[in-house]
Every structure is written in C-alpha cells, then in structure tokens.
Amino acid sequence: LYTPSKPLSLIIFNALFHSVSAFCNAGFSLYSNSLIDFQFNYPIMLTISALIILGGLGFPILFNLSQRFLSSKKSPLKMQTSLAIKVTLGLIIVGTAFIYLSEKTNSLADYTFLEQLSISFFQSVTARTAGFNTFDIDLFHQSSILCLIILMIIGASPVSTAGGIKTTTFGLIFISFVNILKSSYRFDYNKKTISHQSILNAYATL
C-alpha cells in the first residue's frame with residue numbers, strides 16, 4: 001500500500017520488476033530475503049506462483065492453449081501441451097505434499113495448516129528453476145532438500161523461460177518406465193505411439 005515512506009512509483013516499479021522476474025523464472029528479488037516478508041500475503045504469492053507456472057509452460061503451449069480456449073476455431077490440444085500440463089500439475093501436487101509431510105513436524109511445526117500448505121506449495125512451484133523463496137530453506141529437512149533438487153533437475157517445459165531437462169522429457173521417461181514394468185515395449189500416450197528414439201533421447205538427456 002502507498003505510504004509517505006514508500007511512494008507509489010516505487011510500488012509500481014517493484015510490482016513490474018517482480019512480475020517480469022517471476023514470468024521469466026529468473027528469481028531475482030529486490031528484497032534481501034527474497035519474498036519471505038510476503039510469505040502469507042496470499043494475493044501476492046498466488047500471483048507470483050501463477051506467473052512462474054505460465055512462464056514455465058512455454059510459449060508453444062501457451063499459444064496452443066490460446067488456440068483451444070480463446071480462438072473461435074477451437075483447435076485441439078497437442079500431445080506436448082497435454083503432457084506438459086499433466087506433468088506440471090503432478091509435480092506441483094507431489095512436491096507440495098512431500099514438502100508438507102516432511103516439514104509439518106520439523107521446520108513448519110509452529111505454523112498453522114494453511115500456512116504450512118502455503119509455504120509447501122510455493123516452494124514446490126518455485127523450485128523448478130524460478131528461485132524465489134518464502135521460507136529459509138536452510139531449515140528444511142534433508143528429504144525436502146532432495147525433493148527440491150529433483151524438481152530443479154526436471155525444470156519446466158520446452159521453449160519456456162525455465163531450465164531443467166523439461167517436463168515432457170520427464171513425462172516420456174515416466175510413461176516408458178510404467179510400460180516397461182507392465183512388460184510392454186510399446187509406448188502410447190493419448191492414443192498415439194511414441195517412437196523408441198524419443199524415449200532413448202529422453203533417457204540420454206536425463
């Protein structure tokens with residue numbers, strides 16, 4: 001909010017800076033403790049999280065989504081779009097749940113359930129190359145740190161503002177792993193067969 005000690009121009013600049021930084025998955029903050037001061041400011045945290053996710057989805061996927069939901073022609077979702085969205089949501093949910101379960105009796109023991117969930121969710125979202133934090137992760141249990149490292153390795157989607165081996169690469173590895181456990185060496189997704197060369201490329205990237 002506007003105060004004499006914090007002029008409106010500075011507030012607008014901070015808002016623009018952190019919006020761009022979040023969408024670009026850059027993680028640069030103008031505050032020395034990143035976003036810890038805003039850890040329970042839910043409108044800010046949800047906005048930053050949404051920008052991180054959108055930037056991490058990648059421009060081809062955002063374009064395909066706009067064709068599907070904003071265009072009058074209603075183009076179908078491509079396989080890459082479907083896979084990237086499912087993997088992204090899965091990683092956010094699994095990451096949030098793992099951090100929450102690991103930290104609820106450790107570093108987050110003094111917080112309410114909603115606060116624990118909020119911190120766990122944001123750290124799960126930002127870990128995949130964004131780099132912001134709303135909590136001192138030095139206090140995290142080693143299992144949570146390992147979870148963050150895995151999320152960092154996977155990263156976001158192709159042609160996005162984030163790094164990592166990419167969600168689609170991880171998705172192909174997961175699909176092939178499940179099929180191999182079923183003793184099946186035919187890799188299908190959404191009624192389409194994935195080539196063995198794509199699977200080998202995914203494992204080579206990992």
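A salt bridge here is a side-chain nitrogen of Lys or Arg within 4 Å of a carboxyl oxygen of Asp or Glu. Keep that in mind for what follows: a search of the whole structure finds 1 salt bridge. Side chains of opposite charge can pair when their charged atoms come close. In this chain the pair is aspartate 188 and arginine 186, whose side chains meet at 3.0 Å, N to O. Arginine 186 counts as exposed because its relative accessible area is 51%, while aspartate 188 is partly exposed, at 33% relative accessibility. The cut-offs behind those words are under 20% relative accessible area for buried, over 50% for exposed, and partly exposed in between, with a 1.4 Å probe and protein chains only.

A word on what you're looking at: this is a predicted model, in which local features need pLDDT of at least 70, side-chain atom pairs count only at pLDDT 80 or more, and totals for chains, interfaces and linings use all residues. Residues are numbered from 1 along each chain as its sequence is written, and side-chain values use heavy atoms, with hydrogens and water left out.

Now step back to the whole chain. The protein chain has 8 helices and 2 strands, and from the N terminus on its elements run α-α-α-α-α-α-α-β-β-α. Those elements are DSSP runs, numbered from the N terminus: helices are H or I with at least four residues, and strands are E with at least two. The C-alpha atoms fill a box of roughly 65 × 45 × 25 Å along the principal axes. Of the 206 residues in the chain, 39% are buried.

Next, the empty space. Rolling a probe the size of a water molecule over the atoms shows where empty space is left. The search runs on a 1 Å grid over the protein atoms alone: a cavity is a set of points where a 1.4 Å probe fits but cannot get out, a pocket is an open set with protein on both sides within 12 Å along at least five of seven lines, and lining residues have an atom within 4 Å of a point. Grid points are joined across faces, edges and corners, and a volume is the space filled by probe spheres set on the points.

The largest pocket holds about 370 Å³ of space. Its lining has 13 residues, and Asn14, Ala15, Tyr31, Phe38 and Ile44 lie nearest the centre. Helix H1 (8–23) and helix H2 (42–57) each supply at least two of the lining residues, with H1 giving the largest share, 5 residues. By type, the lining splits into 8 nonpolar, 4 polar and 1 charged. For that count, Ala, Val, Leu, Ile, Met, Phe, Trp, Tyr, Cys and Pro are nonpolar, Asp, Glu, Lys and Arg are charged, and the others, Gly among them, are polar.

The second largest pocket comes in at about 190 Å³. Its lining includes Gly90, Leu91, Phe98, Ser143, Cys147 and Ile154. Helix H4 (79–103) and helix H6 (142–154) are the elements that give two or more residues to this lining, and H6 gives the most, with 6 residues.

What about enclosed space? There is 1 cavity of 30 Å³ or more, and the largest cavity has a volume of about 30 Å³. Asn25, Ile52, Ile53, Gly56, Val125, Arg128 and Ala156 line this cavity. H2 gives the most to that lining, with 3 residues, and the residues divide into 4 nonpolar, 2 polar and 1 charged.

A nonpolar patch of about 1,000 Å² is made by Leu146, Ile149, Ile150, Ile153, Phe177, Ile180, Leu181, Tyr185, Tyr203 and Leu206. Patch residues have over 30% relative accessible area and no salt bridge; like charges are joined within 9 Å and nonpolar side chains (Val, Leu, Ile, Met, Phe, Trp, Tyr) within 5 Å. The areas come from the Shrake-Rupley method with a 1.4 Å probe, and for residues only the protein chains shown count as cover. H6 and helix H7 (167–181) each supply at least two residues of the patch, and the largest share, 4 residues, comes from H6. Tyrosine 185, one of the patch residues, sits in the loop between H7 and strand S1 (187–189) and is exposed, with a relative accessible area of 53%.
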